[in-house]
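Reader: Could you walk me through the salt bridges and the sheet in this one? I would like to start with a single pair and go from there.

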Amino acid sequence: MYFLYASIIEVFTNHVATGASSASVVAIASICLIQYVVYTFKMSAIRKENEEYQQHYHDVEEELNDVQSDRAMTLIENHILREFVAQSEFDQTIDLLLKRYVPSIREGLGLYLNHVNGEFRLRDARGITRNSKAIYEVDDWLLKKLKSQNVILLRGQELRSSKIYSCFDEQDKPRIHKLCLLAVYDKNAISGIFLTTNLYPEGVDEQQQIKLAKRLLVCVSRNIVKNQDYESYRFELRVTREQLELRALADQQFKTPVIMLEEFLDRLRQLTNSSRASLFLSTPRDFSNCKSIVECGMTLQAGVKTRWKEHELTLVRLGLNSGENTSLAGEQLENHGVRSLIGAALVSPLVTNRKWIGAICLTNQDCQPYDERSLRLISWASQFLSNTLLKVLNHANIEKQAKQDGLTGLVNRRSFDELIENQFGRAQAAQSACSLILIDLDHFKSINDNYGHQAGDEVLRRVAAILQERIREIRSSDNVIAARYGGEELAILLPEIGLAGAERIAEVIRHSIEVAVIEFNETRIPVTASLGISTYTSQPMESVQTLVAAADGALYQAKSDGRNRVCSLTSSPVLTNP
């Protein structure tokens, strides 16, 4: 504009100086003005055209970058898809995806949750601690959001306040600054969820990563679902085969029903990769009297075995109180007081006529939680035993009655001879202790003569009851055997108990008999007993006969020394009463 004014003034001055008329001056100025306006419009059009060209160039450049980025992402996507298509196993597919999203377990973590029976169960993981839960809670609002978006990123307070975040172990939480949830679909329903702390690939814009994740999920879901269906078929086939194996085992002919239960339980232990397995029976509505009737698995030292059995009893009572299958591992066990020896446990109650009659307890030294297959197997086993156990126990009761002495309820002589042979053989093989106590009631003939044979029978019954009461107080009472050896003579076999322990037990029994109030027809009958002890480890013994002869010699010594006392061939009398 300044240039225009200067030009008009210059033209006006020159023409005035030369004497030109004012009309000429105005005409010339108008021409200049018009020329400038035309020039201005031309320059404006040129600038606009240049700006449009610059914008077009920028758009073309961005489009080229997008094409190059898309091409790079497409190459990555195609590479990943080729890897997935090459996988024929479900676990391999999951493992590959986890490795893609979690290349370093020090910097991130990832896991895949299977949606099974309304629960999200941990199927595979990378970078998490071994104490992590087997089942994860997923917030309802997260599931709704996943169904519409497929990929969700959680950060900050939204992450920390979610249920799924609380399921992670405390050792893992410090590494979770961001959590990505990727949904896997099967017929419009979520069949699984990937959870990772990072998206893939690294160094790419987050929106590009999300786009890639969504495209991958569409393709990968098909492969995962296909492999998952195949895996499910194989899983069902394997479980069915193992159930049939257990059923066939139970249908075989065994020497006793108890042996059948032992074989059945041991095979269940092997199929579930457990360290030990036990079958407990309990009184309905009173779980305090649970008792292990069958045990199998790895051999434990005496102290460890006692502690392990205490843990099993705690777990069984927990399972019976809950009334459902109970799976615990790691920190969950510690919360219930099981802080050593056992790393994982699985308990399944036995139910008959809507009453809890016992439970199967599987335990493992490893902290890895029991998987779905183990849960299915123990569930089937507990249902099968619930339906057959009463029949088995009826058979066992019949056999037990055949082995019992009719008067005292103790093991009869014939059965005792078989049992002592077996226990003596085990003691020899394991080089462990085995003690025998022979008990003879003092002056029993005079009891029959003075009070009658019915009174003598009552004395035998009461003394037998005393023996059974004292045996129940012994920690290893599962293996202790009490028998009527003949007439007024009784016997107690103490596997894995040495001489010192046998002497203490014998003295308790002697004292209990001495102080017992035994009455018949309102007449009190005083009773005492002499006891002889022999122990396998106390002197060289080659046979059961040697063990019995040594105990018989100790019993003879007790009687010779005045009766109502305990003697062994390698010790002084424990107590001497005149």
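**Salt bridges and a sheet**

Author: Arg 376 and Glu 236 form a salt bridge, with the closest N and O atoms 2.9 Å apart. A salt bridge here is a side-chain nitrogen of Lys or Arg within 4 Å of a carboxyl oxygen of Asp or Glu. Arg 376 sits in helix H11 (residues 372–403) and Glu 236 in helix H7 (residues 206–251), so the pair ties together parts that are 140 residues apart in sequence. Helices (H or I, at least four residues) and strands (E, at least two) are DSSP runs, numbered from the N terminus.

Reader: Before we go on, what kind of model is this?

Author: This is a predicted model: local features need pLDDT of at least 70, side-chain atom pairs count only at pLDDT 80 or more, and totals for chains, interfaces and linings use all residues. Residues are numbered from 1 along each chain as its sequence is written, and side-chain values use heavy atoms, with hydrogens and water left out.

Reader: How many salt bridges does the structure hold?

Author: It holds 24 salt bridges. One of them joins Glu 514 to Arg 510, with the closest N and O atoms 3.0 Å apart. Both residues lie in helix H15 (residues 499–515), four residues apart, about one turn of the helix. Arg 510 is buried, with a relative accessible area of 2%, whereas Glu 514 is partly exposed at 31%.

Reader: Which residues are linked in a network of salt bridges?

Author: Glu 119, Arg 121 and Glu 372 are linked that way.

Reader: Switching to the sheet. What is the strand order?

Author: The order is S13-S14-S12-S17-S18, in an open sheet of five strands with mixed pairing. Two strands pair if DSSP finds at least two bridges between them. Strands S13 (481–486) and S18 (566–568) are at the edges with a single partner strand each, so one side of each has no neighbour in the sheet.

Reader: And how do S12 and S17 run?

Author: Strands S12 (residues 434–441) and S17 (residues 529–535) run antiparallel, joined by seven bridges. Ile 439 has Leu 531 in S17 as its bridge partner.

Methods: Buried < 20%, exposed > 50% of the residue type's maximum accessible area, 1.4 Å probe, protein only.
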